[in-house]
Amino acid sequence: AAEKDTLGSIEMYKKALQIYEEWELPIQEASTYANLSVLYSDYSKKIEYAKKARDMFLELDLEKYPVAISNYGNLAVNYFDLVRLNVKDISPFGTKERLNLAEENLKKCIRLLRETGDAGGLVHYLKLYGELEEY
C-alpha cells in the first residue's frame, strides 16, 4: 500500500509541476522538485531532482528558504547512502567523491540551519554529520 501511495504522490507532484511551470511559479516548482527527490527510491532520480531544486533555489536567491535548506540535507543523505549502501551504477562512482559531496551539502545545510535558527533541523543534521565523519 505504501508503494502505491508513493507512486500516487509522484504522479500528483508531476501534475503540479506542469501547472507551476505553466503559471510561472518558480518557488513552487523548485519545492516540488525537492519533494519529488524524497519520494523516489531510485538514487539517480533522487539526486537529479534534488540538484534541479537546488539550482532553481540558487537562481531565485532563496538559499535560506526552508525547503531549500532541507534539500541540501537530503542531497547529502543521498550521496552518503550511495556509500553506505554500496550503490555501484550511479555517478559519481568513487567513494571519496561521494563522501566529499555528502559533506559539502551537509555543511551548507548546517550553516543555513544555524543562520535561520532552526534548532530541530540542526540537531538532526549534526547527528548525520557525526555518522559521516566515521567514514
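The model is predicted, so local features need pLDDT of at least 70 and side-chain atom pairs count only at pLDDT 80 or more, while totals for chains, interfaces and linings use all residues. Residues are numbered from 1 along each chain as its sequence is written, and side-chain values use heavy atoms, with hydrogens and water left out.

**Arg98**
- Arg98 sits in helix H5 (residues 95-116); helices are DSSP runs of H or I, at least four residues, numbered from the N terminus.
- Arg98 is buried but has no salt bridge. Buried means under 20% relative accessible area with a 1.4 Å probe, protein chains only, and a salt bridge puts a side-chain nitrogen of Lys or Arg within 4 Å of a carboxyl oxygen of Asp or Glu.
- The nearest side chain of opposite charge is Asp89, 6.5 Å away.

**Asp81**
- Asp81 belongs to helix H4 (residues 66-84) and counts as buried because its relative accessibility is 13%.
- The Asp81 side chain makes polar contacts with the side chains of Tyr43 (2.9 Å) and Arg84 (2.8 Å). A polar contact is a pair of N or O atoms within 3.5 Å; within protein, one must be able to donate a hydrogen and the other to accept it, and residues adjacent in sequence count only if both atoms are side-chain atoms.

**Helix H2**
- Helix H2 (residues 26-39) has 14 residues.
- Its buried residues include Tyr33 and Leu36, and the buried residues of H2 pack against helix H1 (2-22), helix H3 (43-59) and H4, with contact meaning heavy atoms within 4.5 Å.

Technical notes
Helix = DSSP H or I, 4+ residues; strand = E, 2+ residues; numbered from the N terminus. Buried < 20%, exposed > 50% of the residue type's maximum accessible area, 1.4 Å probe, protein only. Lys, Arg positive; Asp, Glu negative; His and termini not counted. Expected span 1.5 Å × (residues − 1).
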